[in-house]
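My notes follow in the order I looked things up.

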Amino acid sequence: MTKRRKKATTIATILLAGILLASVAGMASAHFTMVFPSDSKATLWDVTPEDYIAELGETKTVYIMWGHPYEHISFDMASTPEVSVMKPDGTIEELTTTQITVDGMDEEGNPGNFVAYKASFTVDQRGDSVVFVRYEDEDQKLTDYVKAIIHCGEEAWEGWDAELGKKAEIVPFTRPYGLEEGFVFTGKALYDGNALPDADVEVEKYHTLDVGKEVVETAETMFPYDPPMMFTRVTKTDKNGEFAYTLDEPGIWFVAAYGPEVEGLTQRSVFIIPVLDAFPPKAEAEAAAPAGFEELKSRVKSLEDKVAALKTPAGEGAPGFGVITAVAGLLIVVYLVKRRKGR
Ligand SMILES: [Cu+2]
């Protein structure tokens, strides 16, 4: 190759790499305002459904971040969010926010520090406290109206379905705690207090950094034609503003209904739903199964012996009542065993 040709090739390679990088970096799931309760900044990204549970008298701190939850990509928050909490009895407390920075990963995959906020309140009533966050992002042309429920107290299932009367709002039909993976979440999207019909609803699960990187890579390998279709799922509201979606994995889920634009900003209602692992725990259920199976087998054996004993006296003609009962019992047990094995 001539020197000139070599230079041209190098430039072409750099350009190609640049285009590839841009397409990867530009690949994006949806931005969400993340509201994660946590005991400390150090553990906020390890959020679990239990973080949305409070004890009476406990001070809850919620961390508010802006980013792509699925890919664990962070962005600076561009404005101060408004944060309030509605207590189970309906009282509303405006919360003071503190600007902080949190560690994260940017769109290019580089580690960085990102502007975020936090706010605290005391859980002084049993029931559900509705944390509300309004956040405006000029860059993404979005205004988020986010709700997350903090639940306190056994059977104190009051408040989770509260309507706050915000400009955009999701009101759940499904109680948003005690949900297991595979449960269906249903709700209604409101805009200016009215049903929001025929609107896009985006559904996305949060991942920790390592899991996010791994799952994004897997999606890129398995679905190279459109990886983000696996990051952000989409459903729609019906004419009554209602929607449903199956949350098929444990973790923290985001559901967002896209409303109309106001002064160039799309008004979007968001609801955050913590989803538990399957209950009872799978390992326990599997461990319990063989024991139950053995017990059924021994019961079948004893019934078989009984039937054999009853049949023994020869030439008695029609089988007696005892035989019929024993045979019926045997059939029921056999049916139960088969059903159990089939699972
Ligand atoms: Cu985005």
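**Loops with positive phi**

I began at aspartate 192, which sits in the loop between strand S11 (183-191) and strand S12 (194-195). Helices (H or I, at least four residues) and strands (E, at least two) are DSSP runs, numbered from the N terminus. I number residues from 1 along each chain as its sequence is written. The model is predicted, and I kept its limits in mind: local features need pLDDT of at least 70, side-chain atom pairs count only at pLDDT 80 or more, and totals for chains, interfaces and linings use all residues.

Aspartate 192 is not a glycine, yet its phi is positive, about 55°. The cut-offs I used: buried means 20 or more other C-beta atoms within 10 Å of the residue's own, exposed means 12 or fewer, and partly exposed is in between, with C-beta atoms placed from the backbone.

Next I checked aspartate 198, in the loop between S12 and S13. Its phi is also positive, near 55°, and it is a residue other than glycine. Aspartate 198 has 9 C-beta neighbours inside 10 Å, so it counts as exposed.

**Confidence**

I looked up pLDDT, the predictor's confidence in each residue, from 0 to 100. The protein averages 85, and 74% of the residues score at least 70. Residues 11-27 stay under 50. For that stretch I found four contacts beyond four places in sequence. A contact means that two C-beta atoms, placed from the backbone, lie within 7 Å. Residues 312-321 are also below 50, with one contact beyond near neighbours in sequence.

**Overall make-up**

I listed five helices and 17 strands. The protein has 343 residues, and 32% of them count as buried. Of the contacts with a separation of 6 or more, 69% are between residues 24 or more positions apart.

S16 is largely enclosed by the rest of the structure, because nine of its twelve residues are buried.

I then traced the pairing, which needs at least two DSSP bridges between two strands. S16 and strand S17 (residues 265-275) run antiparallel and share ten bridges. Glycine 251 has valine 275 in S17 as its bridge partner. Two residues lie between these strands in their hairpin, where glutamate 263 takes a positive phi near 50°. Strand S13 (residues 200-205) also pairs with S16 in the antiparallel sense, over five bridges. There, valine 201 is bridged to alanine 257.

Isoleucine 272 touches Val35, Val146, Ala148, Ile252 and Phe254, leaving out residues up to four places away in sequence.

I found a cis peptide bond between phenylalanine 279 and proline 280, with omega about -5°. Proline 280 is in the loop between S17 and helix H4 (282-311).

**A second hairpin**

Strand S6 (residues 98-105) pairs with strand S7 (residues 111-122) in the antiparallel sense over eight bridges. Glycine 104 stands opposite glycine 112 in S7. Five residues separate the two strands of this hairpin, and glycine 109 in the turn has a positive phi of about 90°.
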